[in-house]
Amino acid sequence: MPAKDNTALSGSRFSNVDNKSGISKLFDKAGVYVIALCLVILGIIVSPTKFLTPDNLLNILRAVGMLGITACGLSFVIYSSQMADMSVPSAMAFSGIITVQFLHLGFVPAIILGIIFGMLIGLVNGIVVGYFRANAILWTLAMQFGMEGIMRYVWSGNQLYPDLEPGTSGAAFVNIFRLEVFGIPFLIIVMIVLYIIADIIMKKTKFGNQLKLVGSAIDAAKCTGINVRKTVLYAFLISSFTASIAGIFITSMNKLGVYYLGEGYDFKSVTAIVIGGMALSGGRGNIWGVLGGVLVMGLLNNILTFIGIPTAVQNVFIGLVFIAVVALHTYKLRKVGKDYA
């Protein structure tokens with residue numbers, strides 16, 4: 001099929017979806033933040049004296065900080081229509097372990113090495129999925145189990161503890177999570193900066209435009225000369241980069257490096273991204289919607305905690321929310337003649 005026809009096909013795919021009234025478009029753009037506002041009102045009703053306190057609001061942001069960072073990078077993978085990166089937990093754990101392992105070289109070299117080793121997982125994912133066309137979910141799931149086994153074998157399943165003597169690199173490392181700048185947790189500042197950079201990349205760069213076309217109409221992308229394989233590779237590298245940063249924060253928070261840190265962040269990140277309006281089929285949504293999805297999850301967990309619902313049961317709620325949102329996306333697309341989410 002000629003490139004012009006493919007482009008027209010791609011355009012018509014979205015024109016059908018975007019052919020909505022002004023109010024509907026406004027709700028689609030701000031929908032996740034409307035949900036967040038409703039949850040804030042619900043939180044005030046549930047706990048009138050504690051919910052809106054500065055400490056509680058900061059706790060909500062701090063609780064979703066690492067989730068926000070992983071979701072930010074993972075959204076590039078989903079935007080490229082690769083559905084998910086299930087190896088996010090292993091990238092988090094691996095970067096944390098490597099950082100602790102090399103703290104004797106100094107604080108900065110250890111951080112850099114942690115990020116580089118974490119990104120090696122993304123590099124392998126990008127090559128296998130992008131160049132060898134492996135199923136992204138199956139491959140990254142295999143990578144997750146494989147990396148967990150490697151980490152357990154190399155470090156014998158033991159936990160690695162940094163040297164916490166004052167003045168050491170280890171002491172500086174464990175303070176990363178607890179660091180505040182003008183009363184704002186450093187973790188939150190990093191998360192916001194990453195979202196600003198991600199927004200610029202998606203909207204203002206050639207790579208962002210290519211990523212959107214690869215995610216929405218891969219045949220058209222190929223016809224226009226876009227290197228699809230390299231674009232997918234970069235998406236996985238970005239995902240592993242943010243997962244590595246989140247891994248350093250979660251390792252700093254726990255004051256130890258171990259293979260199981262990061263468990264659950266793959267599914268939670270995908271859930272936040274879907275709640276934020278990004279389609280699993282790729283090419284639709286925006287990064288600020290993803291941040292809204294992250295905030296919705298933080299607010300929901302906080303309210304459930306105030307109600308007294310145990311963490312395990314909260315996960316059931318998150319799973320139900322994921323199913324409901326995917327069902328809603330599917331229903332809306334089928335109304336315009338599409339059968340993908």
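1. A residue counts as buried when its relative accessible area is under 20%. In this predicted model, T99 has 0% relative accessibility and therefore counts as buried. T99 belongs to helix α4, which spans residues 88-101.

2. With neighbours within four places in sequence left aside, T99 is in contact with A110, I111, G114, F173 and I248. T99 and G257 are 158 residues apart in sequence, yet their C-alpha atoms are 8.3 Å apart in space.

3. S240 may be read by the same criterion. This residue lies in helix α11. Its relative accessible area is 3%, so S240 is buried. Not counting residues up to four places away in sequence, S240 touches G118, M119 and G122.

4. For the chain as a whole, the model contains 14 helices and two strands. Of the 341 residues in the protein chain, 49% are buried. Among contacts with a separation of 6 or more, 77% are accounted for by residues 24 or more positions apart.

5. Two packed helices are described by the angle between their axes and the distance between the axes. The axes of helix α8 (residues 186-204) and helix α13 (residues 287-307) come within 9 Å and cross at roughly 150°. Angles over 145 degrees count as roughly antiparallel, and α8 is therefore roughly antiparallel to α13.

6. On the α8 side, this contact is made by M191, I192, Y195, I196, A198, D199, M202 and K203. Helix α13 contributes I287, W288, V290, L291 and V294. By class, the residues of the contact comprise eleven nonpolar and two charged, with no polar residue.

7. The second largest pocket also deserves a remark. Its space amounts to about 460 Å³. The lining consists of 21 residues, and A63, V64, G298, N301 and Q314 are those nearest the centre of the pocket. Two or more lining residues come from each of α3 (54-79), α11 (228-254), α12 (265-275), α13 and α14 (311-335).

8. Helix α3 provides the largest share of the lining of the second largest pocket, with eight residues. The lining divides into ten nonpolar, nine polar and two charged residues.

Conventions
Residues are numbered from 1 along each chain as its sequence is written. This is a predicted model: local features need pLDDT of at least 70, side-chain atom pairs count only at pLDDT 80 or more; totals for chains, interfaces and linings use all residues. Side-chain values use heavy atoms; hydrogens and water are left out. Axes are lines fitted to C-alpha atoms, for helices over the stretch in contact, and angles run from 0 to 180 degrees between N-to-C directions. Helices (H or I, at least four residues) and strands (E, at least two) are DSSP runs, numbered from the N terminus. Angles under 35 degrees count as roughly parallel, over 145 as roughly antiparallel, 65 to 115 as roughly perpendicular and the rest as oblique. Contact means heavy atoms within 4.5 Å. Ala, Val, Leu, Ile, Met, Phe, Trp, Tyr, Cys and Pro count as nonpolar, Asp, Glu, Lys and Arg as charged, and the others, Gly among them, as polar. On a 1 Å grid over the protein atoms alone, a cavity is a set of points where a 1.4 Å probe fits but cannot get out, and a pocket is an open set with protein on both sides within 12 Å along at least five of seven lines; lining residues have an atom within 4 Å of a point. Grid points are joined across faces, edges and corners, and a volume is the space filled by probe spheres set on the points. Buried means under 20% relative accessible area, exposed over 50%, partly exposed in between (1.4 Å probe, protein chains only).
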